[in-house]
Amino acid sequence: MDETEDLLSFPPLKRQRYDSQTRSHPTASSSFFFHDGDIVLEVEQHLFKIHKHRLKCSVIFSDMLDIPQPDVIDSMHGCPVVRLMDSPQDWQVALRWIYDPTGFRLIPEPVPFPLIPSALRIATKYEIGALRKWAVGQLRARWPSDLERMGSSSLPCAAEAIALARECDVLEILPAAFYALSLQRWCYNAEGGRSHLVLSPTDIRRLIVGRERLSDVCKQILFEPLVSRPAGLPFDACHQCREPLQRYWREKVMSDPQSPVECWLLRELYTIATQRDELFESAICAQCLAWHKDVAWMRFYGLKASIPQFFCL
Ligand SMILES: [Zn+2]
């Protein structure tokens, strides 16, 4: 490998040499091939002819382009060529942002998930701060640190998000992503059922351990709804409220066998604590209702704090 090729290849030591005997010729990208472009990115079989100044948003490219280039270098379509060991799809997304960051931010929420890993990989590898910030923001919106803010958009692609968080160091989304994945029933062969294709064996174990611990929490409430802490004494509810209280809590932790999702206990607890259930609460005396609301908060905070440990994070 000569010096000039080395300079213009990422990563320099791993790339395959271009060999017209063994590789088909790369083809021009339909979206990013500008006639007045002054640099060509070759990514697998795709060519992007773009403008050097657009790459200045990347610390890595900015540094590289600041180095004086030798007179004789690899060229294609009249421009120096940089061969990259990335996926063309990832660059397609990154270039959409590089050329039109405003339009990119206007993509309706929630943005299609595949945009996020592509953007994050390129942004992380080539140090494009603003793009990484956008991608991390998208991940945090779906898998927030405040787990009660998780919505149904956290369910799809949770396994892919865990793998991506590990690859690109966005570890703060892991508790929410593991919790979202653990809610999904594997027998439906939807999101949860494909996790083994995406996750490492260690993360699969974390998922299984976490599901068992979550199931234990539900069972504890199911068996002893009036016991607010493990091995504690049951609440001494009055005669009139005892049965409705027990029935109410048992119903909340039971999951519908037809549903592809297990009991979303954290969300249930938050709803019980923060919202008024008119029909149920009007039938309960003030003292029992006070216990009921207190225990909903206690169970909510206890579960929220335990989720990272449940998944050994
Ligand atoms: Zn009562």
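The structure holds 20 salt bridges. It is a predicted model, and the stops below can be selected one after another in the viewer.

**The whole chain**

Begin with the complete chain in cartoon view. Its secondary structure comes to 14 helices and six strands. Of its 313 residues, 46% count as buried. Among the contacts with a separation of 6 or more, 64% are between residues 24 or more positions apart. Switching to a surface display shows an accessible surface of about 16200 Å², of which carbon and sulfur atoms contribute 55%.

**First stop: Glu172 and Arg140**

Select Glu172 and Arg140 and display their side chains. The two meet in a salt bridge, with an N to O distance of 2.5 Å. This pair links distant parts of the chain: Glu172 sits in the loop between helix 7 (158-168) and helix 8 (174-182), whereas Arg140 belongs to helix 6 (residues 129-142), and the two are 32 residues apart. Glu172 is partly exposed, at a relative accessible area of 30%. Arg140 is likewise partly exposed, with 43%.

**Second stop: Lys304 and Asp146**

Next, select Lys304 and Asp146. Their side chains form a salt bridge at 3.4 Å, N to O. Here too the pair links distant parts of the chain, with Lys304 in helix 14 (residues 286-310) and Asp146 in the loop between helix 6 and helix 7, 158 residues apart. The relative accessibility of Asp146 is 34%, so this residue counts as partly exposed.

Move to Arg276 and Glu281, another salt bridge, in which the closest N and O atoms are 3.1 Å apart. Which of these residues is buried and which is exposed? Arg276 counts as exposed, at 51% relative accessibility, while Glu281 is buried, with a relative accessible area of 4%. Now extend the selection to Asp146, Glu148, Arg149 and Lys304: salt bridges that share partners join these four into one network.

Centre the view on the zinc ion. Which residues are its protein donors? They are Cys238, Cys241, Cys285 and Cys288, each through its SG atom, at 2.2 to 2.4 Å from the ion. The angles subtended by the four donor atoms run from 93 to 125°, and the arrangement is therefore tetrahedral. Along the sequence, the spacing of these donor residues is C-x2-C-x43-C-x2-C.

Cys218 counts as buried, at 14% relative accessibility. Cys157 may be selected as well; this residue is also buried, with a relative accessibility of 19%, since the limit for buried is under 20%.

Select Glu109 and Pro110, which are joined by a cis peptide bond with omega at about -10°. Pro110 lies in the loop between helix 4 (101-105) and helix 5 (115-125).

Then select Glu44. This residue has a positive phi of about 50° although it is not a glycine. Its place is the loop between strand 3 (39-43) and strand 4 (46-50). With 48% relative accessibility, Glu44 counts as partly exposed.

Finish at Cys312, in the segment after helix 14. Its phi is near 55°, again a positive value in a residue other than glycine. Cys312 counts as partly exposed, at 32% relative accessibility.

Notes:
Residues are numbered from 1 along each chain as its sequence is written. This is a predicted model: local features need pLDDT of at least 70, side-chain atom pairs count only at pLDDT 80 or more; totals for chains, interfaces and linings use all residues. Side-chain values use heavy atoms; hydrogens and water are left out. Buried means under 20% relative accessible area, exposed over 50%, partly exposed in between (1.4 Å probe, protein chains only). Helices (H or I, at least four residues) and strands (E, at least two) are DSSP runs, numbered from the N terminus. Donors are N, O and S atoms within 2.8 Å of the metal (3.2 Å for Na, K and Ca); water is not among the atoms, so sites may look incomplete. Four donors count as tetrahedral if all angles lie between 85 and 135 degrees; four count as square planar and six as octahedral if opposite donors are over 155 degrees apart and all others between 65 and 115; anything else is irregular. Contact means heavy atoms within 4.5 Å. Accessible areas come from the Shrake-Rupley method with a 1.4 Å probe; for residues, only the protein chains shown count as cover.
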